[in-house]
Amino acid sequence: MARIIGMETSPLTLSVRARAVPILSTMAGSLVSLLPVVAQAPLVPPAGFLMLIAWRLLRPEFWRIWAALPLGAWDDLFSGQPPGSAMLTWTLAFLLFDAVDKWLLWRDYWQDWFVAAAVITLVIVGGFALALATGGGGLVLVVVPQIVASILVFPLAVRLCALLDRWRLLG
C-alpha cells in the first residue's frame, strides 16, 4: 500500500468497497463484449481496457504493476481475442504508464487524453498483431474505426470512473 507523507505510523487502509469498485468496474467493462452487436469489423471500444486505464490515470497509487495481468486474463475470457493477448498488452500498457509517470511529473487532462490515445492505439494494434500471429487475417485498417471510437469514448470512461470514485470513497 502507498504511504502518505507524514503518516509514518501506519499505511493507508481502504474499505472493502473502496478496494473492490475499481476492480469490479473494470471486470464489468470487459463483459460489454458479450453484448449482441453485429458488425463486419470491430467497432465497439474495449470497455474493460478503457475502464482500466481511466482508473490508472485517475488513481495511479491504487494499481500495482501486476494488476493488469489478472484483469487481462478476465478480459481474455470474454473478448474473443487469442488467450493471453489482453494479459500481455495490458501489462505492457501499465509498464508504459509507469514510464510516463516517471517522465511527466505533473499531467493535465489533455496530456492524459493524449497518453491514453497512444496507449489505446498500441493495445488495439498489438491485439490485432497477436490475432494475426495466431492465424487471423486482414489489414490493420480494419481496427482504425475501433481505435477512433475508443479514443473518443475515453473521456466518458474517465467521467464514469470519477463518479464511481466519489461514491466508493464516501462510505
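User: Is Leu-57 buried or exposed?
Analyst: Leu-57 is buried in this predicted model. Its relative accessible area is 10%, under the 20% cut-off for buried.

User: Which helix is Leu-57 in?
Analyst: Leu-57 lies in helix 2, which runs over residues 47–58.

User: And what is Leu-57 in contact with, leaving aside neighbours within four places in sequence?
Analyst: Phe-97, Arg-107, Asp-112, Ala-116 and Phe-154.

User: How far apart are the C-alpha atoms of Leu-57 and Trp-74?
Analyst: They are separated by 21 Å. Along the chain, Leu-57 and Trp-74 are 17 residues apart.

User: How do the lining residues divide into nonpolar, polar and charged?
Analyst: There are 21 nonpolar residues, 14 polar ones and one charged.

User: Which helices supply at least two residues of the lining each?
Analyst: Helix 1, helix 2, helix 3, helix 4 and helix 5. Helix 5 gives the largest share, six residues.

User: Back to Gln-146. Where does it lie?
Analyst: Gln-146 lies in helix 6, residues 144–170. Its relative accessibility is 13%, so Gln-146 counts as buried.

User: What is Gln-146 in contact with, beyond four places in sequence?
Analyst: Pro-42, Leu-43, Val-44, Pro-45, Pro-46 and Ile-124. Pro-42 and Val-44 are also among the residues closest to the pocket centre.

User: Tell me about helix 5, then. How many residues, and what reach?
Analyst: Helix 5 has 25 residues. From first C-alpha to last it reaches 36 Å, close to the 36 Å expected at 1.5 Å a residue.

User: What follows helix 5?
Analyst: Gly-135 does, with a positive phi near 110°.

User: Switching to helix 3. What should its residues span, and how far apart are its ends?
Analyst: Helix 3 has 12 residues, which should span 16 Å at 1.5 Å a residue. The end C-alpha atoms are 15 Å apart, so the two values agree.

User: Which residues of helix 3 are buried?
Analyst: Ala-68, Leu-71, Gly-72, Asp-75 and Asp-76. Seen down the helix 3 axis, they fall within an arc of 150°, so they line one face of the helix.

User: Why would residues three or four places apart point the same way?
Analyst: Because an α-helix has 3.6 residues a turn.

User: What covers the buried residues of helix 3?
Analyst: Helix 1, helix 2 and helix 4 are among what covers them.

User: Which residue takes a positive phi just after helix 3?
Analyst: Gly-80, at about 85°.

User: How far is Gly-29 from Asp-75 in space?
Analyst: 8.8 Å, C-alpha to C-alpha, while they are 46 residues apart in sequence. Gly-29 is found in helix 1. It is buried, with a relative accessible area of 10%. Beyond four places in sequence, Gly-29 is in contact with Ala-47 and Gly-48.

User: And Ser-85, buried or exposed?
Analyst: Buried, at 4% relative accessibility. Ser-85 lies in helix 4. Leaving aside neighbours within four places in sequence, Ser-85 is in contact with Asp-76 and Leu-130.

User: Last one. Where is Ile-65 found?
Analyst: In the loop between helix 2 and helix 3. Ile-65 is partly exposed, with a relative accessible area of 32%. That value falls between the cut-offs of 20% and 50%. Its contacts beyond four places in sequence are Phe-94, Leu-95 and Asp-98.

Technical notes. Residues numbered from 1 in each chain as written. Predicted model: local features only at pLDDT ≥ 70, side-chain atom pairs only at ≥ 80, totals over all residues. Heavy atoms only, no water. 1 Å grid on protein atoms, 1.4 Å probe; cavity = no way out; pocket = protein on both sides within 12 Å on 5 of 7 lines; lining within 4 Å. Helix = DSSP H or I, 4+ residues; strand = E, 2+ residues; numbered from the N terminus. Nonpolar A, V, L, I, M, F, W, Y, C, P; charged D, E, K, R; others polar. Expected span 1.5 Å × (residues − 1). Buried < 20%, exposed > 50% of the residue type's maximum accessible area, 1.4 Å probe, protein only. Arc of directions from axis to C-beta. Contact = heavy atoms within 4.5 Å.
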